[in-house]
Amino acid sequence: MSVNIALPKGRLADKTLELMKKAGILKKVEDAGRKLVFEDESGFVRYFLVKPWDVPVYVERGVADIGVAGKDIITENTPDVYELLDLKTGKCRMCVCAKNGYVDRPGATLRVATKFVNTAKGYYASMGRRIEIIKLNGSIELAPLMDMSDVIVDLVETGTTLKENDMRVVTIIAEISARLIANKASYRFKREEIDRITSELGALINENN
Ligand code: PRP
């Protein structure tokens, strides 16, 4: 049986495709261009390139049997899928960040800009802090610079964006990396194929880490 795989476009794309190729799951990685669906010449897998936030949607609905999604997105959207493997790539941190020199007023409602609304709400609820969420879709760091928010909850990878904008990490909320996820029904019906892919990827990751 062939396996459908949802892979993320953007930042994680190159790393993920390379990993799949090195593990021998994809025989050849085509130049993506604008094409969205790729039949691998092995005949064993077919893969789609989708927006990172959409990978769990394709996997949860069974259009893709498996996929690669960031732990940030999995935590935020809690899709009903199995998380099979930590791919140990795409590593970054979910953090609370603020402008250098920002001083918190503990009693006040904290204005938090983020695209990770549930993650931010969960984090501050666990500390009993009252917050106002400002939902943004990108360039989150701009919010405190323009005094639209007090802090942000966002991913930090190299720290360059923070540094170039005179900001700092206040708290690390979670360590993030890419995960292999599976549709629950697919995992029953294509167990052998999915286990094979998981163990090939697992062996490669152990070699590299
Ligand atoms: C992410 C994240 C930070 C930045 C962190 O944004 O939201 O802004 O990367 O990376 P760094 O620590 O290496 O500088 P992304 O580039 O994905 O785009 P976005 O701002 O549109 O979300």
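**Entry 1: helix α8.** I started with Glu200 and Arg196, which are separated by about one helical turn because they sit four residues apart in helix α8 (residues 191-208). Helices here are DSSP runs of H or I with at least four residues, strands are runs of E with at least two, and the numbering starts at the N terminus. The side chains of Glu200 and Arg196 meet in a salt bridge, 3.7 Å from N to O. I noted the cut-off: a side-chain nitrogen of Lys or Arg within 4 Å of a carboxyl oxygen of Asp or Glu. Glu200 is partly exposed at a relative accessible area of 27%, and Arg196 is partly exposed at 43%. Buried means under 20% relative accessible area, exposed over 50%, and partly exposed in between, with a 1.4 Å probe and protein chains only.

**Entry 2: what I am reading.** The model is predicted, so local features need pLDDT of at least 70 and side-chain atom pairs count only at pLDDT 80 or more, while totals for chains, interfaces and linings use all residues. Residues are numbered from 1 along each chain as its sequence is written, and side-chain values use heavy atoms, leaving out hydrogens and water.

**Entry 3: the whole chain.** I counted eight helices and eleven strands in the protein chain. The C-alpha trace spans about 60 × 35 × 30 Å along its principal axes. Of the 209 residues, 45% count as buried. I then looked up the accessible surface, which comes to about 11200 Å², with 49% of it belonging to carbon and sulfur atoms. Accessible areas come from the Shrake-Rupley method with a 1.4 Å probe, and for residues only the protein chains shown count as cover. Among contacts between residues at least 6 apart in sequence, 67% join residues at least 24 apart. Contact means heavy atoms within 4.5 Å.

**Entry 4: other salt bridges.** The structure holds 15 salt bridges. Side chains of opposite charge can pair when their charged atoms come close. In one such bridge Asp86 joins Arg179, with the closest N and O atoms 3.7 Å apart. Asp86 is in strand β5 (residues 82-86) and Arg179 in strand β11 (residues 178-182), so this pair ties together parts that are 93 residues apart in sequence. Asp86 counts as partly exposed at 27% relative accessibility, whereas Arg179 counts as buried at 12%. I also found that Lys71, Glu83, Asp86 and Arg179 are linked in a network of salt bridges.

Next I looked at Asp150 and Arg111, whose side chains meet in a salt bridge of 3.0 Å, N to O. Asp150 lies in the loop between α5 and β9 (151-156) and Arg111 in strand β7 (residues 110-114), so the pair ties together parts 39 residues apart in sequence. Asp150 is buried at 15% relative accessibility, and Arg111 is partly exposed at 23%.

**Entry 5: Asp65.** I found Asp65 in the loop between α2 (55-60) and β4 (66-70). At 4% relative accessibility, Asp65 counts as buried. The side chain of Asp65 makes a polar contact with the side chain of Lys190 at 2.9 Å. A polar contact is a pair of N or O atoms within 3.5 Å; within protein, one must be able to donate a hydrogen and the other to accept it, and residues adjacent in sequence count only if both atoms are side-chain atoms. Leaving aside residues up to four places away in sequence, Asp65 touches several others, among them Ser2, Val3, Asn4, Ile181, Ser186 and Ile194.

**Entry 6: the ligand.** I listed 13 residues around the ligand, the closest being Glu141, Asp154, Thr158, Gly159 and Thr161. Such a residue has a heavy atom within 4 Å of the molecule. A polar side-chain atom of Thr161 lies 2.4 Å from an oxygen atom of the ligand. For Lys115, the distance from a side-chain N or O atom to a ligand oxygen is 2.7 Å. For Arg11, a polar side-chain atom is 2.9 Å from a ligand oxygen. Taken alone the ligand exposes 490 Å², and the protein buries 73% of that.

**Entry 7: backbone angles.** Most residues other than glycine have a negative phi. I noted that Thr78 has a positive phi, near 35°. Thr78 lies in the loop between α3 (71-77) and β5 and counts as exposed at 61% relative accessibility. Asp166 is not a glycine and has a positive phi of about 60°; Asp166 is in the loop between α6 (160-164) and β10 (167-176).
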